[in-house]
Amino acid sequence: MLAKVISGATIGLESIPVTVEVDIASSGLPSFTIVGLPDKAVEESKERVRAAIRNSGAEFPARKITVNLAPADIPKEGPSYDLPMALGILIASGQISGDISNSIFLGELSLDGSLKSTKGVLPLSVLAKEKKYKNVFLPYVNSQEGAVIRDINIFPVMNLISLFRHFAKSEEIKQADHIPFGSLKSFADAEFDMADIKGQEQAKRAMMIAASGGHNVYMKGVPGAGKTMMARALPGILPDLTETEAIEVTKIYSITGNIPQGQGIITSRPFRAPHHTTSRVGLIGGGSHPMPGEISLAHRGVLFLDEFPEFPRHVLEALRQPIEDGIVSISRASGSIIYPAKFLLLAAANPCPCGYYASDIKKCTCMPGQIAKYQKRVSGPIMDRIDLHLDIAAVKIDKLTSDIKSENSSSIKEKVQKARNIQTRRFAETSLVCNNDMNSKDAKVFCPLNSESGDLLKKAIVSLGLSARNYFRTIKLSRTIADLEGEKEITVHHVAEALQYRPRSNF
């Protein structure tokens, strides 16, 4: 007898339907064969499925069983096909009956028949909605992840026995309630509050601008000036994720298995801080089976690269395309996979190996050649893609010991959120999210300059030697500064402030 069960395969961030065809032959020696480009994890499903069916009180047919995962030309990875294979065997052997044509199944089976947490639930739930499937049967521990998608029925399955009883109509599985995105609370996991940082008012202002428009930041300063502390406080002032952004981020975390246990969807912007020994694949993504790297895990959030010049040069150079295009394309002989990578780059560095070059608090001990070599570790094209360049000086003792309280993160976040809401309304008819997403064509449409601000920018091109990229990045930065002030028009002082954040040198 032949049975067909619908599951899905995830390629990149998108899922495609996979039909699990199970045939139990009436003759031939007992065997269990899986075809359709299965990987090792799928091949091992044979033992998990056999044990799960027997330990659930059902009968595993002692016949020739053939499982085909169609389409056969797409590689099948992971243990998520355990449940549809087990269900197909039970249907083909006549132990279960019921209409499953409008349902999708996935889940990894334990040997006792219970279902374990499975990667890729959210992309498959989105697939079910797009392809008009009504029901999704998935592991109970992943039910919240699927329940955030509207207009589909999520059935959390504890074990194979409960699925057996559901189709036997003896004890139906209770459908999970839809979880509206608006009911989920966002908790920004910030290590520090902006009020904890003494002094550094200009740097805090720059952080507020960066958070408002999604602009890249480069901080250079002596050790102990507060660069890392500032970076760790940034998550506390980032604007809330929209529902569309949250689903984009959760898809990435779903396929990598990084969604926290018991959490259905990522509700706060990611903050990733890889060590400078991270490999190129770890940062950009890749592998024999291409997976997202740190830049994709930081999508719609922050990628903090501390000790920026200490990263290998070839690793930093790989950031060029993702910073510019907001995507990373990983090519293999079997094809290319594109992952989103629209992140706010926050880089921090010392001015020299000892950290005290041009400092007035301690004498630099580095030789001129060492300083020059250190400063050349970060290339011009990378620096050219950064909007805000900050020189972080050591905090003066009077400010460090002062009891004067600075503006806290909650207050700054309110201003940031207002500016981001303005951008949301501005880009409502486009796919853009924030000002930094604009390309040069978009900047001409959404960021018109009056004659005075245009003249100032023209003079700056000559005096500061701005590239064409710098020109448009300055315009976008000016637009964000105007948004923070609630101004519809970009004026001279908006452009003037944006120009203050251009670097005074190549490093």
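## Salt bridges in a predicted model

The side chains of Arg-320 and Glu-317 come together in a salt bridge, at 2.4 Å from N to O. The term salt bridge here stands for a side-chain nitrogen of Lys or Arg within 4 Å of a carboxyl oxygen of Asp or Glu. Arg-320 is partly exposed, with a relative accessible area of 31%. On this scale, buried is under 20% relative accessible area, exposed is over 50%, and partly exposed lies in between (1.4 Å probe, protein chains only).

This is a predicted model, in which local features need pLDDT of at least 70 and side-chain atom pairs count only at pLDDT 80 or more, while totals for chains, interfaces and linings use all residues. Residues are numbered from 1 along each chain as its sequence is written, and side-chain values use heavy atoms, leaving out hydrogens and water.

Let's look at the wider picture. Across the whole structure, a search finds 25 salt bridges. One of them pairs Arg-205 with Glu-497, whose closest N and O atoms are 2.8 Å apart. Arg-205 lies in helix α7 (residues 201–213) and Glu-497 in helix α21 (residues 492–500), so this pair ties together parts 292 residues apart in sequence. Helices (H or I, at least four residues) and strands (E, at least two) are DSSP runs, numbered from the N terminus.

Arg-300 and Asp-437 also meet through their side chains in a salt bridge (3.1 Å, N to O). Arg-300 sits in the loop between α11 (294–297) and β14 (302–305), and Asp-437 in the loop between α17 (409–426) and α18 (440–446), so the pair links parts 137 residues apart in sequence.

| Residue | Relative accessible area |
|---|---|
| Arg-205 | 24%, partly exposed |
| Glu-497 | 14%, buried |
| Arg-300 | 8%, buried |
| Asp-437 | 18%, buried |
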